[in-house]
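Subject: Structure handover and notes

Hello,

Please find the structure below, with my notes after it. Could you read them alongside the coordinates?

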Amino acid sequence: MKRMKALHALPLAAAMLLALAAAGGAVLVYSGAYNVGATRQHTQVVYSMLELAMQRSVQLRARNIETPPLDDPQRIERGAAIYRDNCAQCHGAPGVALSDIGKGMQPVPGPLVAAMQRWQPREVYWLTRHGIKMSGMPAWEFRMDDNALWDVVAFVQRLSNLTPNAYAELAGSAALQGNNTEATPMLANADAPMRDGSIERGRQALHQYACHACHAIPGVVGSASYVGPPLAGLASRSLIAGRLANTPHNMQRWLQHPQAVKPLSAMPSMGVTDEHAVDMVAYLATLR
């Protein structure tokens, strides 16, 4: 008898929990307590929930799309030009940084170098065609015909195998081809003490420069898919980029001039200012 009463009480308890959750959500929304400013990160729970909802939505809607042949070199070359003109500004490319607009978007646009680790070609097509609500990702359906959309997909499939120079050559941009010829910067006095950076501002700077688009960074909310090495324990490593002693000055140099330090690196110059670089160094020094 007691068991039957308990079973009958379960739906009521579930309904009460749902009502409390809805009330809590309403209070959060109408109070304005949640900070929507792009200078502050989502919590990891909110970020992961939004990302999962997006992934499942795309997978459901793209499941019956038939993928055409994507190996035609001319199709890939056309896709490279379209990507250069319309996509690299927000998603970057090998050796090419996101534009300031792309860096400031929240969530930050993911690097498409790793797209095929997470998405099927038909899903990349659907994403490109339909865009994503409230993310800054536009729908290209009314700006590109179907052949152009598949050209982009064909090129994105090749991104992970391209060096910065190979990307520049394929995309046909002389400006990009010069990206790896950055002159080695000279520090005024590498032995002089650096000013004390702000650890908190450094964490925010790593977020605002979209470093978490490619690296897993403790304390910086991001996706579980990365194209660069994780930065956990960075302060305990002896070398930076496999060639520089891990000192504050060298870390600043690497953050501001990665192509000069390691010309074949796919890490682009992100336009980090001196002030922000010092703050970023201060935060990275805590990652032991």
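This is a predicted model: local features need pLDDT of at least 70, side-chain atom pairs count only at pLDDT 80 or more; totals for chains, interfaces and linings use all residues.

Residues are numbered from 1 along each chain as its sequence is written, and side-chain values use heavy atoms, with hydrogens and water left out.

Helix 2

Helices (H or I, at least four residues) and strands (E, at least two) are DSSP runs, numbered from the N terminus. Helix 2 takes in residues 44-62, 19 residues in total. From its first C-alpha to its last it reaches 27 Å, close to the 27 Å expected at 1.5 Å a residue; the expected span is 1.5 Å times one less than the number of residues.

Which residues of helix 2 are buried? They are Y47, E51, Q55, V58 and A62, where buried means under 20% relative accessible area, exposed over 50%, and partly exposed in between (1.4 Å probe, protein chains only). These residues lie on the same side of helix 2, because they cover an arc of only 70° around the axis; the arc is that of the directions from the helix axis to the C-beta atoms. An α-helix has 3.6 residues a turn, so residues three or four places apart point the same way.

The buried residues of helix 2 pack against helix 6 (115-118) and helix 7 (121-130), with contact meaning heavy atoms within 4.5 Å. On the face turned away from the buried side are the exposed residues V45, M49 and R56.

Aromatic pairs

Rings of Phe, Tyr and Trp (its six-membered ring) pair if their centres lie within 6.5 Å; planes under 30 degrees apart count as stacked, over 60 as edge-to-face and the rest as tilted. The whole structure has 4 aromatic pairs. In one of them, the ring centres of Y83 and F155 are 5.3 Å apart and the planes are at 55°, so this pair is tilted. Y83 lies in helix 3 (residues 73-86) and F155 in helix 8 (residues 146-156), so the pair ties together parts that are 72 residues apart in sequence. Both Y83 and F155 are buried.

Y83 also pairs with Y167: the centres are 6.4 Å apart and the planes at 85°, so this pair is edge-to-face. Y167 is in helix 9 (residues 164-171), 84 residues from Y83. The relative accessible area is 0% for Y83 and 1% for Y167.

Cysteines

With a disulfide taken as a pair of cysteine sulfur atoms within 2.5 Å, the count is 0 disulfides. For C87, the nearest cysteine sulfur is that of C90, 8.7 Å away. C87 is buried, at 9% relative accessibility. The sulfur of C214 is 8.7 Å from the closest cysteine sulfur, in C211, which is too far for a bond. C214 is partly exposed, at 26%.

Backbone angles

Most residues other than glycine have a negative phi. M134 has a positive phi, near 55°, and is found in the loop between helix 7 and helix 8. A210 has a positive phi near 60°, in the loop between helix 11 (199-208) and strand 1 (239-240). M134 is exposed, with a relative accessible area of 85%, whereas A210 is buried, at 4%.

Regards
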